[in-house]
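Have the structure open while you read.

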Amino acid sequence: MPAWSQPQDVKTWMLQGWSFRGAVLLLAVFAILISEVRFSWVEVLVGRYLAATNSHRPESGSVWERGRLKQVATQTLEQMVTRQLTAQREAREATSLPELIGGLSASQGAMISAVHFKTLYTRIPPTIARTLFSPIFMLRISAERSWDRVYMERENEQVGIYLLDRSNNVLSYTTLSEQQLMSTGTEQPVVSGALDEQPEFSGRIYPADRFFMVLDTLPPETQRGVLAQPDILLAAEGIPVCVGFSDEVNADLIRIGVEMDTPQGRQILLTMGQEWAVWQVRRLLEPRLSGPPSRKQHRRFGGGDR
Amino acid sequence: MIVSLRLFRVAGALVYLIATIVALAAVGLFCLFLVAVKDLPRVPEPIGRINDTPATEIFSADGRRILTIGGRETVALDDVSYVFIQAILATEDHRFWEHRGLNKLRTVKALWITLFEPGKIQGASTITQQLAKNLFFSFERSYLRKFRELLVALQIEARFSKREILETYINQIPFGVGAYGIGEAARTFFGKSAGALTLTEASLLAGLPKSPTRYNPFRYPERARARQQVVLQRMVTAGMISHDAAMEAGAASVGLRAQGRSLRVDSYFLDAVMKTLEETYSPEVVYHGGLRVYTTLDVQMQQHAEAALQQGITGLKALMGVTNGSEDTLAEDDNGLQGALVAVAVNTGAVKALVGGRDFFQTPYNRALKNNRQPGSGFKPFLYYGVLESLYKTPADVMVDEPVSIPVAGKPPWKPRNFKRTYEGPMVVKKAFMESVNTVAAQLVAAVGPDAVIHAARRCGITSPLRPVYSVALGTFGVSPLEMASAYAGFASGGVRHPPFWIRRVEDVGGRVLEEHIITGERVLDESITYQLVDMMAGVIDEGTGNVVRKRGFTLPAAGKTGTTNDFNDAWFTGFTPNLSTSVWVGFDRGQGMRDKNGVGITGGRGAAPIWAQFMRQATDGEPPRDFRVPADIYFKKVNPETGASVGFWNRNPISVALRKK
């Protein structure tokens, strides 16, 4: 049974349900809905609110992440370039080879011009200079206009020196050990220790008496090719014990180490010999050798030096 | 009570219910808004700054730009073809000019389908919403993410003009094949500017952003054309073009850029370059820092390499009776017959061409660099070098080709057999090498020891793992084509090794040099012994297992060695002229053997050497003949191939050997 207060027909029900406030409210709701569909004011309002509060929100999301990566990349590159430029500037401003080499870091090499290297080269004692590159060879590549730059870098415990042409082909290459580095500058090229401790002489070490006996039998021209300045050796403190030939050929020069027995212990005097002359000695020391370079010889040189 | 009254009552209740639901929804939305707005991302201003990352550019050896990474090219809206604008709007958001970031009707429809039609998901994102998603959000699917994306879209709409939004959108959408933005896409696919796109081209491009990989027109032209038809139909529906224009554009040929594919053939090369760069400079610097990378790639040589490999593999497939149809039915992880080619400059080590497979986009696995394929007899030069060096043998010394059984401690004896399964008796070392006689190689490795072989290989630059077992001499340990090409380059240069490299110089955007490659050479082998080996390797090409090279018309002085592995899993040919060393490998990734229709195995001479010959013929076209440099202590002698004895002019088929003066 419906309650007595319920309208009994549609007309009564409509009359009871009608009210001005209700009608206005309904119209307002419809107006709001229709105007939103038509003018999208909710989207506009929300959008404007968000735009107004934009600066207070976090820089998150992929676009900002990319921006941060770009920033990291830029900073990393700047650091790399700065390090490089600093190294280059220091190398350019170095007034001596030891100063330049001392400024080299383990991860950063230095490139200098051929002209600058020549200047530094002329400032080191000739005995040391000869252990690096032959002046004649340097004159030759200068005259050929093939020599452009010099690159130096730390390699393990040594310093590699590359004479380069414009296309970065190595015209010649040599290394300097830390011990040689210590002596680079003013003293004789002397390294403390024994020859058999130096890997570059391994397998090519001969007793000094045999070496000098063989050398004595050769023509003066060959003797000069092997030891250009024997007087330095003669003046050195101690007695020669053994002589070793390096496994590297550099612009037709081979490094020769003479191990001396001195009151301070074993020391190695370094000098350079002409490859052809050293070969004559080696042939006499080891008759089984048939022609240069030997099977065991490990020869390193630049791509353009063939 | 009358029925209509009841209906009105129900209607009244329904109105209250709806009003309540709407009110609750409004409250819910407001709460969601409060939650979502909390850590909504900041929108950059101007919005176009998203494209200002400097590009990393990669150049070939002759200075041509071969790849640009990042640094998206921004094309002004006025400079983009109008038909493309219409096509992209018709496809992605045909009410773009009308809405304020949200297409309400489409959203309600999509919501209805998503909620009430299980298994179906309908997208309704406007271009602004897509832009918001691309700029700030991951591809994670969640209602909150979607709502936040909508809020950002509303902000973008409130802050920027429609033209700004559209311009930003078309300059950052991915079209596939590494092309982002319409400018790059137009150049990549059609080799033209975005302003010159025709309706046919524009409709094809407008269909790609939906799924750039699935609709890649280079790889799936049919799918791309079908998608193009959808785009054209939507343009007709939106009243942008007539039905006839759509029909005409749909029927017209697409004319994809001819060099489009060949532009990308260097992808295996670029893959190697990118990996090196990432290792040296970190991915951030490579992709966001803007580098100028000058490589060693010779574009023309690279194209020759790609063409030679493609044609060679097609020929091999025909020989094997493998049709394209049968390849389509291969298992998903089976890439079919593959190949690799690497060419290295002898006097520098510069990698001039590198192809790591048939199609980088099909399989980016770079076979040119992976060291998992056995070289077979291609490894014998290291054995013979060790033998000449350590055993003082000469190419004229006599060995006996006969069944061998070499005792191995704690294991059954090693009994390698010849490829031909026949034995020819006595023969000189050079002949054994030229004909790749395994029994002689086995005797030699037993005499010299596997360590000597490994020592020679290591000096030449083989870095892959090798174990000191006899079979190492027959190439039973995996190496890469790059290693082989580089190691053989050491033979070509008379024993001087130049480490391979592909990056000459790296600069930053300002042109400041970050890195330069210094071309170093190290003498690792004796020049005279190396020459003896090169002379034997030249015999392989002139009269031995690789003589197909001469039959294919390659006439320059050259030397090389074939390689075939058990069950014909791998076919190799590595060879060189005095200037260029090239290694070619063919085989299946999963190691199925290669046999022709008659069941005869495909050897290195049959499978890889023809590819080598074709490539080298084109790569050295116009180059004057240049002999390998003969060391002063080398002399030549004609000997009997069986006895090694000196022969006179009256003897038939003598063999010329290079000997060293005592």
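Here is a short tour, starting with some ground rules.

## Ground rules

This is a predicted model, where local features need pLDDT of at least 70, side-chain atom pairs count only at pLDDT 80 or more, and totals for chains, interfaces and linings use all residues. Residues are numbered from 1 along each chain as its sequence is written, chains are lettered from A and ligands numbered from 1 in the order in which they are written, and side-chain values use heavy atoms, leaving out hydrogens and water.

## Two crossing helices

In chain B, the axes of helix H1 (residues 3-37) and helix H5 (residues 143-159) come within 10 Å and cross at roughly 80 degrees. (Helices are DSSP runs of H or I with at least four residues, strands are runs of E with at least two, and both are numbered from the N terminus; axes are lines fitted to C-alpha atoms, for helices over the stretch in contact, with angles from 0 to 180 degrees between N-to-C directions.)

Who does the touching? H1(B) brings Leu29(B), Leu32(B), Phe33(B), Ala36(B) and Val37(B), while H5(B) brings Leu144(B), Phe147(B), Arg148(B) and Leu151(B). Contact here means heavy atoms within 4.5 Å.

## Where the chains meet

Now for the interface: 62 residues of chain B are in contact with 59 residues of chain A. The rule finds five salt bridges across it, a salt bridge being a side-chain nitrogen of Lys or Arg within 4 Å of a carboxyl oxygen of Asp or Glu. Lys104(B) forms a salt bridge with Glu36(A), with the closest N and O atoms 3.4 Å apart. On the side of chain B that touches chain A, H1(B) gives the largest share, six residues.
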